[in-house]
Amino acid sequence: MTDVRIAGVGLTKFGASPERTGRDLFAEAGLDALDDAGVDQDDVEALFYGNFMGELAEHQGHQGPLMAEAVGVDAPATRYEAACASSGVAVAEAVKNIRNGERDVVLVGGAERMTNLGTAGATEALAIAADDLWEVKAGMTFPGAYALMANAYFSEYGGEREDLAAIAVKNHENAVPNEKAQYQREISIEDVIEAPMVAEPLGLYDSCPISDGASALVLTSEEFAEEHDLDAPVSITGTGQGGDLMALHDRDFLARSPAADKAAAEAYADAGISADDVDFAEVHDCFTIAEVLAMESLGLFEVGEGISAARDGKTTREGELPVNLSGGLKAKGHPVGATGASQLAEMASLLRGDHPNSEYVEGATTGVTHNAGGTVASAVVHVLEVEQ
Amino acid sequence: MSDDETYDAGYDDWLDAVEDGEAYYLEGPEGDGWLPPRRVDPATGSRELTEKQLPETGEVETFTVVHVPTPAFEQDAPFATAIARFGPARITGIVEADPGDVEVGMTVAVGVMETETTGDRAVVFRPQ
C-alpha cells in the first residue's frame, strides 16, 4: 500500500467576503495548492470537493465539475457532503483512492460561502445538519445543540464557563500571527464571559464565526512524489471515520461523541500509533465545548478531564500538547465545507516548519486532525507524520 | 400550521396523537425507545418495532436557553429547549416556562404548541 503525501496546500483567508463566489474562493485555494506542490493541472487525476450549503447560499448544486473547471482541471470531480465534516470526508476518500492505486494525484479540498446569508440565514442553513423533524422543529439551533451538550457535560463531569472561556482565549491567541485567520486578535476571559448569550451557556465568544473561505491539498502517491522530485515531507499515515445517530436525544451519551471515538481508534490503528504518540492536534472547535469533546475522543485526555486542559495551560502553544495552533474554527473561522481540509493544510505547514506557529512544535513528528459534522453524527480523524 | 407547511407522515401523526392524549413511542426488542417515523431499531437492527404508550411524565436531562434562533422562531426567543427522558425514549422540545425556571431534573409532560413566529406546531414540555 502506497504512502500518501501532502505535496501542496492552499488556503484563502477565512473571513467575511460575501461578494466572492464559491468558485472564486476554491480557485484561489486550489491554484495555490498546485503551485505549492509544483504540480501541473494536467497531472491531477481527480477532484474530491467538500461543500455543505451551496444550494442555500448560492443556489448551486453539482459543484464538483464546477470547481474542477474553476481550477482548470480536466478530471472526474465529485462533491462530498457531511455537514461541517464535508472536506474531511473528501480527504478520507482521496486517501483511499491513492492507497488503492487508482490515482496518483488528487486535488482535494472544500469551500463555503456563508456570510452572504446573514446571521439568521446562516443559522437556518447550519441547523439543517440536525434532525429537521425532531430537533429543528423544536427550536434547535446549532449553538443550541452544543449548548445542550455543554450543560450535559457540566452536569456529568463538572466544569464551568471560565473553563470554556480559556479555550476561546487560547485559540484567539494562536490566531494572531496566522494571516489566514478571520480574527487575528486576542480576547480575555472577561470578554468571553461578558459577551451576549447565543444559547446558554455558550455566548458569542464561545462560538466560531460565520465565514467564507476555501482550502485545498494536493495529495500524491509516494511513487509520484519521488519520480517528480516533489518536496513533500508530510504524509497522511492514518485515516478514520465514524458515525452516530442523527438526533442528539437518540444517542447513548449527551456529553460524549462516540463517532469521533471510532474515527480516532480507526485512524490510530491505521497509522500504527496511539494517542501517546500525538505531539499536537487541530480539532473541530466550532464551539468551545466541542474542543473538549474532541480531545477526549482522541484519547488526549480522559473523559471528564478535557474541560480544564486549556485553563491549566496543557493545550496552549507553550503547553505539553498544543491544540489548535492555527486558531481553530473559533478564531481562524469556519467556512464549513472548507474546514476539514484546512485543518490538514495548517498541520502540514506546522510540520513542514513554514507556519507562523511552527516554532511551538519544533521537533514534532506526529499530529492529528479531528473534523466533526453536525453534533458529531459524522467524524473524520487523520494522522499526519513528517520525515525528520 | 402555516399554509405551505408539508404534512410529514409519522411526525405529524405523532403530534396528532399527542394532542389526542395518546402519545406513544416505538419500542425495539431490547426495550429501547424511539420516535417515528422509523422502520428499524438503530440499537439492534431489528425491524420489530412495537408502538407503546409514552409515560405521562418525563424528566429534563439537559437544556439550553436559545437567544439567537432560526428565523422560524424569531418571535419566540428567548426560549428553553430541552432533552427530556420519558421512560426508554428521549424527546427534544421547548419548555413552556420562564427560561430562568428550567432546571435539570424538572418533571414535564409532553404536548404540542403553536409557535409565535409561524404558527407551526412544535413539541412542548409542560412542567408538572
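Asp42(A) sits in the loop that runs between α1 (22-37) and β2 (46-50) of chain A, where helices (H or I, at least four residues) and strands (E, at least two) are DSSP runs numbered from the N terminus. The model is predicted, so local features need pLDDT of at least 70 and side-chain atom pairs count only at pLDDT 80 or more, while totals for chains, interfaces and linings use all residues. Residues are numbered from 1 along each chain as its sequence is written, chains are lettered from A and ligands numbered from 1 in the order in which they are written, and side-chain values use heavy atoms, with hydrogens and water left out.

Asp42(A) is exposed, at a relative accessible area of 70%; here buried means under 20% relative accessible area, exposed over 50%, and partly exposed in between (1.4 Å probe, protein chains only). Together with Asp40(A), Asp43(A) and Asp74(A), Asp42(A) makes up a negative surface patch. Patches take residues with over 30% relative accessible area and no salt bridge, joining like charges within 9 Å and nonpolar side chains (Val, Leu, Ile, Met, Phe, Trp, Tyr) within 5 Å. Lys and Arg count as positive and Asp and Glu as negative, with His and the chain ends not counted; the charge is placed at NZ of Lys, CZ of Arg, CG of Asp or CD of Glu. The areas themselves come from the Shrake-Rupley method with a 1.4 Å probe, and for residues only the protein chains shown count as cover.

As for annotation, UniProt puts "domain: Thiolase N-terminal" (unreviewed entry) at residues 12-223 of chain A. UniProt positions follow the numbering used here, feature names are shortened, and annotations may be inferred rather than shown by experiment. That span is 44% helix and 15% strand, with its end C-alpha atoms 29 Å apart. Further along chain A, UniProt lists "domain: Thiolase C-terminal" (unreviewed entry) at residues 244-385. Residues 244-385 of chain A come out at 32% helix and 13% strand, and the end C-alpha atoms lie 28 Å apart. In chain B, the UniProt feature "domain: ChsH2 C-terminal OB-fold" (unreviewed entry) covers residues 52-110. This stretch of chain B is 0% helix and 51% strand, with 15 Å between the end C-alpha atoms.

Over all chains, the structure holds 28 salt bridges, each one a side-chain nitrogen of Lys or Arg within 4 Å of a carboxyl oxygen of Asp or Glu. In chain A, a network of salt bridges links Asp3(A), Arg5(A), Glu222(A), Glu226(A) and Glu387(A).

Chain B has its own pairs. Asp16(B) and Arg121(B) form a salt bridge at 2.8 Å, N to O. The pair links distant parts of the chain, with Asp16(B) in helix α1 (residues 11-19) of chain B and Arg121(B) in strand β8 (residues 121-127) of chain B, 105 residues apart. Asp16(B) is partly exposed at 27% relative accessibility, whereas Arg121(B) is buried at 13%. Another salt bridge brings together Lys52(B) and Glu27(B), at 3.6 Å, N to O. Lys52(B) belongs to strand β3 (residues 50-53) of chain B and Glu27(B) to strand β1 (residues 24-27) of chain B, so this pair ties together parts that are 25 residues apart in sequence. Lys52(B) is partly exposed, at 35% relative accessible area. Glu61(B) and Arg85(B) also meet in a salt bridge, at 2.9 Å, N to O. Here the link runs between distant parts of the chain, from strand β4 (residues 58-66) of chain B, which holds Glu61(B), to strand β5 (residues 79-86) of chain B, which holds Arg85(B), 24 residues apart. Glu61(B) is partly exposed at 23%, and Arg85(B) is partly exposed at 31%.

Most residues other than glycine have a negative phi, and most peptide bonds are trans. Glu200(A) and Pro201(A), however, are joined by a cis peptide bond with omega of about 10°, and Pro201(A) lies in the loop between β5 (197-199) and β6 (202-203) of chain A.

On the phi side, His62(A) is not a glycine but has a positive phi of about 50°. His62(A) occupies the loop between α2 (54-58) and α3 (63-71) of chain A and is exposed, at 67% relative accessible area. Val376(A), not a glycine either, has a positive phi of about 70° and lies in the loop between β10 (366-373) and β11 (378-386) of chain A. At 4% relative accessibility, Val376(A) is buried.
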